[in-house]
Amino acid sequence: MTESHDQLIVTRAFAYRADDPQKILIGLRASGQGEDLWNLIGGKPKNESLRDCIVREVLEETGSKFNPIDNSNYVFGGDTPTDWMSVCFEGTIEGELHPTDEISDFRFISREEVVIKNSHSIMQR
């Protein structure tokens with residue numbers, strides 16, 4: 001008999017400015033799970049496509065428009081591949097970044113510094 005798992009699916013944005021695609025946006029979580037940790041911007045789908053989810057989440061958390069490109073990458077984590085999955089969309093971000101109740105600060109870091117630690121935070125090398 002196979003054990004059933006409820007897989008947590010989250011979206012993450014590898015968001016960059018059009019003039020500097022080597023620097024990826026991260027945000028400092030102000031509340032909730034991952035509070036006080038730097039993270040890629042993103043969240044959980046709410047009865048919507050994963051692409052629509054990441055566009056909505058970036059707008060809600062930064063006040064800026066995210067333009068994902070057509071491809072996406074998948075990162076599995078936890079003890080088994082069924083524990084959680086991050087769907088990472090790469091694309092450009094437009095407009096001024098505004099702190100929110102969820103994200104208190106922003107940074108752009110090099111792609112080499114982005115290391116996914118778990119579904120809710122990243123580490124910087």
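Me: Is E57 buried or exposed?
Reply: The model is predicted, so pLDDT (the predictor's confidence in each residue, from 0 to 100) sets what is reported: local features need at least 70, side-chain atom pairs count only at 80 or more, and totals for chains, interfaces and linings use all residues. Residues are numbered from 1 along each chain as its sequence is written, and side-chain values use heavy atoms, with hydrogens and water left out. A residue is buried under 20% relative accessible area, exposed over 50% and partly exposed in between (1.4 Å probe, protein chains only). The relative accessibility of E57 is 6%, so E57 counts as buried.

Me: Which residue forms a salt bridge with E57?
Reply: A salt bridge is a side-chain nitrogen of Lys or Arg within 4 Å of a carboxyl oxygen of Asp or Glu. In the bridge of E57, the closest N and O atoms are 3.2 Å apart. The partner is R56.

Me: Which residues belong to one network with R56 and E57?
Reply: R56 also forms a salt bridge with E48, where the closest N and O atoms are 2.5 Å apart. E48 is partly exposed at 26% relative accessible area, while R56 is buried at 18%. Through salt bridges that share partners, R56 and E57 are joined into one network with E48 and E60.

Me: How many salt bridges does the structure hold?
Reply: One of them pairs R29 with E61, with 3.3 Å between the closest N and O atoms. The count for the structure is six.

Me: How many residues apart are R29 and E61?
Reply: Helices (H or I, at least four residues) and strands (E, at least two) are DSSP runs, numbered from the N terminus. R29 lies in strand β2 (residues 23-29) and E61 in helix α1 (residues 50-62). The pair links distant parts of the chain, and its separation is 32 residues.

Me: In what order do the elements of the protein run from the N terminus?
Reply: The secondary structure comes to one helix and nine strands. From the N terminus on, the order is β-β-β-β-α-β-β-β-β-β.

Me: In what sense do β1 and β6 pair?
Reply: Strands pair if DSSP finds at least two bridges between them. Strand β1 (residues 8-16) and β6 have nine, and I9 has M85 in β6 as its bridge partner. Strand β6 (residues 84-94) is mostly covered, with ten of its eleven residues buried. The sense of the β1 and β6 pairing is parallel.

Me: How many residues make up the second, separate core?
Reply: L25, from the largest core, is in contact with residues that include A13, L40, I93 and F108, leaving aside neighbours within four places in sequence. The second core includes L28, W38, L40 and I109, and its residue count is ten.

Me: What is the phi of N47?
Reply: Most residues other than glycine have a negative phi. D36, in the loop between β2 and β3 (38-39), has a positive phi of about 70° and is exposed at 57% relative accessible area. N47 lies in the loop between β4 (41-43) and α1 and is exposed at 87%. Its phi is also positive, near 50°.

Me: What share of the residues in the protein is buried?
Reply: The protein has 125 residues. Buried residues make up 41%.

How values were computed. Core = buried A, V, L, I, M, F, W, Y, C linked by side-chain atoms within 4.5 Å. Contact = heavy atoms within 4.5 Å.
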